[in-house]
Amino acid sequence: MSLTGAHCHPTSHLSAHSDLAGDGTLVALVGNANTGKSTLFNQLSGARASVGNWPGTTVEVGTATWRVPLADGSTRSLALMDLPGAASLSPVSPDEQVTHDLLVQAPADERPDVVVAVLDASNLGRDLFLLSQLREQPQRLVVALTMNDVAARRGLTVDAAALSRMAGVPVVAVDPRRRSGVVGLADAVSQAVERPAPAPRARVLGLPEPDDPFAADDDRFAWVQQVLDDVVRTEHDRVSWTDRVDRWATAPVIGPLLFAGAMYLVFQLTIAGAAPLQDWLDGWVAGPVSDAAVSLLSALGLAGGVIESFLVDGLIAGVGTLLTFVPLMAIMFALLAIMESSGYLARAAVVTDRAMRAIGLPGRAFLPLIVGFGCNVPAISAIRVLPDARQRLLTALLVPFTACAARLPVVVLIGAVFFGANAGNVVFGMYLLSIALVIGVGLLLRVTLWRGLRPTPMVIDLPPYHLPLPKQVGLDTWARVRSFLRSAGTIIVVVVIAVWALSAIPAPGADEPIGEVPVEDSLYGATAQAISPVFEPAGFGDWKATSALMVGFLAKEAVISSWAQTYAAEEPEDPAEPGDLSASLRADFERSSGGHTTAAVFAFLTFLVAYTPCVATLGAQRREIGTRWMLASVGISTGTAWVLAVLVFQVGRLIT
Amino acid sequence: MSRTVTAAPRGGPLSPTRAVLAEIENGAATLSEIAVRTGLDPQLVDTAIARLIAAGYLDSQALRLGCPPSGCHSCPSAGPTGCAATPSGGRPAPDGPVMVTLTARPRPQ
């Protein structure tokens, strides 16, 4: 069987090298992924390569014949094998297992005659570890040094002669893309074949402790560091752009301030950029869409009835109002995607983690909490990454305090209605409040119920900064907007129908028939009125504000739609008048707060951010931490929300 | 590059592997920070961490703003094959940040 077959089975003929293509001499290319190894393989083999699976695996191995020119003008044909990328000879993946099996496990006469170790000159600190292991094997070895141009651009110069001296093997600088160094590599391999394998390298650190599990690796690291010190020259003033930025972006004090500034900018750009589109959509939904629906229903003879009430006051008012927030969500998601794609968000992770650790919270809980700023439900599921049951429980109780994206439109609406151009500041403040709640409640639980919990140290491997990829940003943004729209298409429609139905059913004692009862006398309005006194100390004891919070307990996405629905139903004679919701909200807050509108609005926002996110989150909590702790979470979050809201209003009314 | 190799396993300066582990325990937040504190080459630190992950002393997880990689299948946005809230079923970007944490495996002195 020839190695150039479509599906080669290398081990079947490794035991008899005479069966191999060429003169029976096997040369294997070994190296990390992305070192240019396969490019070199293609260059050496021309168009005569084939790829097959390693026996019993799905790992692909390239094979070919390498025609090496000799000094007398003739050529020698060698069998060439492109082994899969391997970071070391200690396998942690099927790819590395194949390399390990052939170079370490196989009997000596089945191993390659020469191994060409392909090392990336710009990543020598990584690739020399593999060389240190290869030099422990009784193996003929040649080093092909690639990516020298990349190393030069990074201010690194690799002394190939010094590397050859220290490693005890030939080193040839090659650039397979430009075919440079290929002849030198062929010469080095031809000569290596004729020589005996060099003795394995000596230990650097002397005899290891007998029970030291790190002894072998430490010796390799020590050798690698020695080689780096002697072989690589660095232009000391060449500090990478990423390192320069990171000095500030991950600094203990400046880092958090920069992150806060970046988020402030995100919210300001979001609000300013979305405002014209929102206004246009609002006018379109409240005007032409509602008018068209009313005209259509009139033409069908259904005007003024239950169907018009449901379609115009319910679906169009509810879903339509929420849809006006789509541009806002899209802009914010796009800006966050840009931050993530550029690599900056990972730096934010570092500074946030440092802050969490400083107050004794488990660093690893950072991941679920970050997820929580998107949606609390998957964040609760993400607590499974935590190994400690107490950490999982603590994190599950903190996740509801992270301000999920569903709360954003409500805060933006309130910000726009009550603070106009300063709406961006209000949104930014909401996120700061959310972070403060996570830290504050976390600290409180740590010093009470979770005493003795040790924080878990965590390191973040930061990618270099790069320009955001428009396609990735676009896909990210669209996926999140689509998710938002799906919610609008499912939860909100269900809630709108439920609110509409409850608003049509008279409360006990009401005289009006079903469908003709005023909202405040309906089952919906009566329930909200029964609860609303609870919020009087917080300044928003109005039943309509309470009804929004009731609906928000089910799903925050539905708050705006139900609000719009309630106000539209309250003024059925003019459901399509833009601006009604704003004016009604202002009037209601002013009335319920006794004139301290600003204090009441801040109290309402505080409650909105802090109380239970939605029933789906409760379901996830029940699944992960049990019913008892789920109920405790409702108590902690709602209790905290109420106490803080009352505090905000009572202090606020003194100063406003 | 001029760095000091300190590799005595016991009774002297920490060996490279122990130095990396020690700095993680001491609160180093990034690989660069570990490299600066240990005096080791940053790429060598990267390799040491990969070796410690393979040996079970450290754990790694891709970090992403959004849903967990497999999706949770429990929110209204979850599709049948994963999480609709993130592209590609929530798979992290291949060049994105990675979170590395200590595992419960006892560490040799």
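Biologist: Does A:K556 count as buried or exposed, and what is its relative accessibility?

Modeller: This is a predicted model, and A:K556 counts as buried because its relative accessibility falls under the 20% cut-off. The value for A:K556 is 2%.

Biologist: Which ring does the charged end of A:K556 sit over?

Modeller: The charged end of A:K556 is 3.9 Å from the centre of a ring, and sits over it. A polar atom of the A:K556 side chain also lies 2.8 Å from the backbone oxygen of A:T612. The ring under the charge is that of A:Y611.

Biologist: At what distance from the ring centre does A:R347 lie over the face of A:Y465?

Modeller: For a charge to count as over a ring, CZ of Arg has to be within 6 Å of the ring centre and within 35 degrees of the ring normal. A:R347 lies over the face of A:Y465, and its distance from the ring centre is 4.0 Å.

Biologist: How many aromatic pairs does a search of the whole structure find?

Modeller: A pair of aromatic rings is described by the distance of the centres and the angle of the planes. Rings pair if their centres lie within 6.5 Å. Over all chains, the number of aromatic pairs found is 17.

Biologist: What kind of pair do the rings of A:F535 and A:F607 form?

Modeller: The ring centres of A:F535 and A:F607 are 5.1 Å apart. Their planes meet at 80°, and an angle over 60 degrees counts as edge-to-face. The A:F535 and A:F607 pair is therefore edge-to-face.

Biologist: How many residues apart are A:F535 and A:F607?

Modeller: A:F535 is in the loop between α20 (523–531) and α21 (543–554) of chain A, while A:F607 is in helix α24 (residues 597–610) of chain A. Both A:F535 and A:F607 are buried, and ring pairs link them into a cluster whose members include A:F418, A:W563 and A:Y611. The pair links distant parts of the chain, and its separation in residues is 72.

Biologist: How far apart are the closest N and O atoms of A:R201 and A:D219?

Modeller: A:R201 comes from the loop between α7 (182–194) and α8 (215–231) of chain A, and A:D219 from helix α8, 18 residues apart. Both A:R201 and A:D219 are buried. They form a salt bridge, with the closest N and O atoms at a distance of 3.0 Å.

Biologist: Why are A:R220 and A:D217 separated by about one helical turn?

Modeller: The side chains of A:R220 and A:D217 meet in a salt bridge of 2.9 Å, N to O. Both A:R220 and A:D217 are buried. The separation is about one helical turn because A:R220 and A:D217 are three residues apart in helix α8 of chain A.

Biologist: Which residue of chain B does the pair from A:D217 cross to?

Modeller: A:D217 also takes part in a salt bridge of 2.9 Å, N to O, with an arginine of chain B. That pair crosses between chains, from helix α8 of chain A to helix α3 (residues 42–54) of chain B. The chain B residue is B:R51.

Biologist: Which residues do salt bridges that share partners join into one network?

Modeller: A:D217 bridges to A:R220 and to B:R51. Shared partners of this kind extend the network to other residues of chain A. The network is made of A:E136, A:R201, A:D217, A:D219, A:R220 and B:R51.

Biologist: In what order do the elements of chain B run from the N terminus on?

Modeller: Chain B has 109 residues, of which 51% count as buried. There are three helices and four strands in chain B. From the N terminus on, the order is α-α-α-β-β-β-β.

Biologist: Which helix gives the most to the nonpolar patch?

Modeller: The patch on the surface is formed by A:W248, A:V253, A:I254, A:L257 and A:L258, with about 510 Å² of accessible area together. A:V253 is in the loop between α9 (241–249) and α10, and is exposed at a relative accessible area of 58%. The helix that gives the most, with three residues, is α10.

Definitions and conventions: Residues numbered from 1 in each chain as written. Chains lettered and ligands numbered in written order. Predicted model: local features only at pLDDT ≥ 70, side-chain atom pairs only at ≥ 80, totals over all residues. Heavy atoms only, no water. Patch = residues over 30% accessible without salt bridge, like charges linked within 9 Å, V, L, I, M, F, W, Y side chains within 5 Å. Areas by Shrake-Rupley, 256 points an atom, 1.4 Å probe, with all protein chains shown as cover. Salt bridge = Lys/Arg side-chain N within 4 Å of Asp/Glu carboxyl O. Helix = DSSP H or I, 4+ residues; strand = E, 2+ residues; numbered from the N terminus. Buried < 20%, exposed > 50% of the residue type's maximum accessible area, 1.4 Å probe, protein only. Phe/Tyr/Trp six-rings, centres within 6.5 Å; stacked < 30°, edge-to-face > 60°. Polar contact = N/O pair within 3.5 Å; in protein donor to acceptor, adjacent residues only side chain to side chain.
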